[in-house]
Amino acid sequence: MSMKDIFLAEFKQESWDSFVVSFADRFLQVDSKLVESAKQKGIPADISQVLLCEMGEYALEWVSKQVPALGDQSPASYLGHTDGANALRAAIMRMPR
């Protein structure tokens with residue numbers, strides 16, 4: 001079973017929605033140029049909201065890096081289809097805070 005499959009099996013839309021809402025106030029402070037850059041990179045708005053709040057500008061670089069926790073794949077490689085994006089959402093929720 002791949003890491004993507006493991007994360008996808010864990011994904012719960014309700015949990016993700018609640019998680020994203022917890023970043024709403026902080027997201028208002030994120031530079032609109034960063035938000036636009038994330039959009040241009042194809043990062044979905046909800047994922048962008050969380051990553052930009054937690055990582056700032058580094059999130060734009062991080063999505064292109066190979067990440068061991070993602071099976072040495074880049075977060076961007078997960079974004080090509082709905083299942084991959086949902087697996088990434090589950091992985092983001094697992095990240096240490």
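**Salt bridges and helix packing**

Let me begin with one side chain, Lys65, which at 33% relative accessibility counts as partly exposed; here buried means under 20% relative accessible area, exposed means over 50%, and partly exposed is anything in between, with a 1.4 Å probe and protein chains only. What you are looking at is a predicted model, in which local features need pLDDT of at least 70 and side-chain atom pairs count only at pLDDT 80 or more, while totals for chains, interfaces and linings use all residues. Residues are numbered from 1 along each chain as its sequence is written, and side-chain values use heavy atoms, with hydrogens and water left out.

Lys65 has a partner: its side chain meets that of Glu61 in a salt bridge, at 3.3 Å from N to O, where the term stands for a side-chain nitrogen of Lys or Arg within 4 Å of a carboxyl oxygen of Asp or Glu. Glu61 is likewise partly exposed, with a relative accessible area of 44%.

How many salt bridges does the structure hold? There are four, and one of them joins the side chains of Asp46 and Arg89, at 2.8 Å from N to O. Asp46 lies in helix 5 (residues 45-55) and Arg89 in helix 8 (residues 82-94), so this pair ties together parts that are 43 residues apart in sequence. When I say helix, I mean a DSSP run of H or I with at least four residues, numbered from the N terminus, whereas strands would be runs of E with at least two. Arg89 is buried, at 11% relative accessible area.

Another salt bridge brings together the side chains of Glu54 and Arg97, at 2.5 Å from N to O. Because Glu54 lies in helix 5 and Arg97 in the segment after helix 8, this pair ties together parts that are 43 residues apart in sequence. Glu54 is partly exposed at 31%, and Arg97, at 51% relative accessibility, counts as exposed.

Now to the packing of helices. Two packed helices are described by the angle between their axes and the distance between the axes. Helix 2 (residues 13-21) and helix 5 have axes that come within 9 Å and cross at roughly 50°; axes are lines fitted to C-alpha atoms, for helices over the stretch in contact, and angles run from 0 to 180 degrees between N-to-C directions. Helix 2 and helix 5 are therefore oblique to each other, given that angles under 35 degrees count as roughly parallel, over 145 as roughly antiparallel, 65 to 115 as roughly perpendicular and the rest as oblique. Trp16, Phe19 and Val20 of helix 2 make this contact with Asp46, Ile47, Gln49 and Val50 of helix 5, contact meaning heavy atoms within 4.5 Å.

Gln49 is buried, at 14% relative accessibility. Apart from neighbours within four places in sequence, Gln49 is in contact with Val20, Phe23, Ala24 and Phe27.

How are helix 1 and helix 8 set relative to each other, parallel or perpendicular? Helix 1 (residues 3-10) packs against helix 8 at an angle of about 80°, with the axes 7 Å apart, and the two helices are therefore roughly perpendicular. Lys4, Phe7, Leu8 and Glu10 of helix 1 meet Asp83, Gly84, Asn86, Ala87, Ala90, Ala91 and Arg94 of helix 8 in this contact.

I will finish with Asp72, found in the loop between helix 6 (58-62) and helix 7 (75-78). Its phi is near 60°, a positive value in a residue other than glycine, and Asp72 is partly exposed at 47%.
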